Amino acid sequence: MAFVEMEHEIKKHDFRSPKKFGKEQLRTVESLHEGFARNVTSYLTTLTRFFCEVQVASVSKMRYSEYVSSLDELMIMANYELVPLDESMSEVSMIVNLQPSIGFFLVDKLLGGHGEDVSFHREFTEIEMAVFDHFLSKLSRQIEISWAKYLEVETTLKSIETNPKVAQVFAGEDVVVIVEFKTKFGSVESQFTACLPSVELESLMEKFTPRFVRSFKRHDEAKEEVQKNAILKSLKHADVTMSVILDQIELDLHDVLQLEVNDIIPLSKKFDSHVVVAVDDTPWFEAQLGETKTRKAVKIEKPMDKERE
């Protein structure tokens, strides 16, 4: 009689980092933070008067030391404390790490800029840190609103750091749940993450309101579409500036200082060539110069060949 030796797949298990979170729990965390992403989208769009989009990209679990190792040395790290209104439950810490590009965009918009794609490789100034503190303090309210469907909590911003590798909020061996968000502010694309300790989070999830524990993803797309339409509807009432750009030329500073009234600046364009119509300094249409009655005018010919969404 012949015997066939069966081969069994052997899986490694790290006893220092037990995987307590199951798929159902991760789906609940994802559902909670999808609501948070929608709230942040509305908040940022209203705050900056600029269409912003935030979406959950992934939900995972790992040791805190692994998470910190994956981060850059220069980040905007906000440490929040979530305290349940039920006094029998313990508080939980939540870390939000933002890429510097998000911070520089917010500073640019909130201080009167146009929200251009700005990225600097330097430390933040005191003024920039003050802007971050204001924004992140207000963000705590969006956290409370998102959690309210599951558990009533009071959120407080405890501290802001710029080097997550130095600030050890959790022990390196602690298992944490990481929610990664992808963001889009006009042409600026970036990401940020939220980090929560799995043990404390699991304890809180046992008290979640039952009817909200499961994630009904079949409704997500419809809700997101309604949310998007509501944001676009509110933006229709926002004031924008339209300008016509005849041409752009470069002059030396010496030449600029010598300019006087009645000086003529030759342009590189022909008389009958198209001009650019800009909306809030963003090129939007090509147009033709002309007149209507006693006024100069432009006739819109076609949209600019570029992605504006």
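Predicted model: local features only at pLDDT ≥ 70, side-chain atom pairs only at ≥ 80, totals over all residues.
Two strands are taken to pair if DSSP finds at least two bridges between them.

Strands β8 and β9 (residues 282–292) pair in the antiparallel sense over five bridges. Within this pairing, Val277 has Phe285 of β9 as its bridge partner. The hairpin that β8 and β9 form has two residues between the strands, and Asp280 takes a positive phi near 50° there. Strand β8 (residues 275–279) also meets strand β7 (residues 242–245), and the two run antiparallel, joined by four bridges. Here Ser243 stands opposite Ala278 of β8.

Leaving aside neighbours within four places in sequence, Ser243 is in contact with Val276, Val277 and Ala278. The C-alpha atoms of Ser243 and Pro283 are separated by 9.3 Å, although these residues lie 40 positions apart along the chain.

Elsewhere in the chain, six strands form an open sheet with antiparallel pairing, in the order β1-β5-β6-β3-β2-β4. At its edges are β1 (52–63) and β4 (153–161), each of which pairs on one side only. Neighbouring strands of this sheet are turned against each other by 20° on average, direction ignored.

Going through the sheet strand by strand, β2 is mostly covered, as seven of its nine residues are buried. On one hand, β2 runs antiparallel to β3 and is joined to it by seven bridges. On the other, eight bridges join β2 to β4, again in an antiparallel arrangement. Glu81 takes part in both pairings: this residue stands opposite Ser93 in β3 and opposite Thr156 in β4. Strand β3 (residues 92–98) in turn runs antiparallel to β6 (residues 188–197), with four bridges between them. In that pair, Val96 has Ala194 of β6 as its bridge partner.

Helices pack on this sheet too. Helix α1 (residues 23–48) lies across β1, β3, β5 (175–185) and β6, and runs at about 145° to β1. Helix α4 (residues 126–148) packs on the sheet as well, touching β2 (76–84), β3, β4 and β6, and its direction makes about 155° with that of β4.

A further helix, α3 (residues 100–110), packs with α1 at an angle of about 40°, and their axes are 10 Å apart. The two helices are therefore oblique to each other. From α1, the contact is made by Leu44, Leu47 and Thr48, and from α3 by Phe105, Leu106, Lys109 and Leu110. By class, this contact of α1 with α3 has five nonpolar residues, one polar and one charged.

How many of the 11 residues of α3 are buried? Nine of them are, so the helix is largely enclosed by the rest of the structure. These buried residues are Pro100, Ser101, Ile102, Gly103, Phe104, Phe105, Leu106, Val107 and Lys109. They pack against α1, β2, β3, α4, β5 and β6. Just after α3, Gly112 takes a positive phi of about 100°.

Finally, the protein can be viewed as a whole. There are seven helices and 10 strands in it. Of its 309 residues, 35% are buried. Among contacts with a separation of 6 or more, 67% are between residues 24 or more positions apart. The accessible surface comes to about 20300 Å², and 52% of this belongs to carbon and sulfur atoms.

Note on methods
Residues numbered from 1 in each chain as written. Heavy atoms only, no water. Axes fitted to C-alpha atoms, helices over the stretch in contact; angles between N-to-C directions. Contact = heavy atoms within 4.5 Å. Buried < 20%, exposed > 50% of the residue type's maximum accessible area, 1.4 Å probe, protein only. Areas by Shrake-Rupley, 256 points an atom, 1.4 Å probe, with all protein chains shown as cover. Parallel < 35°, antiparallel > 145°, perpendicular 65-115°, else oblique. Nonpolar A, V, L, I, M, F, W, Y, C, P; charged D, E, K, R; others polar.
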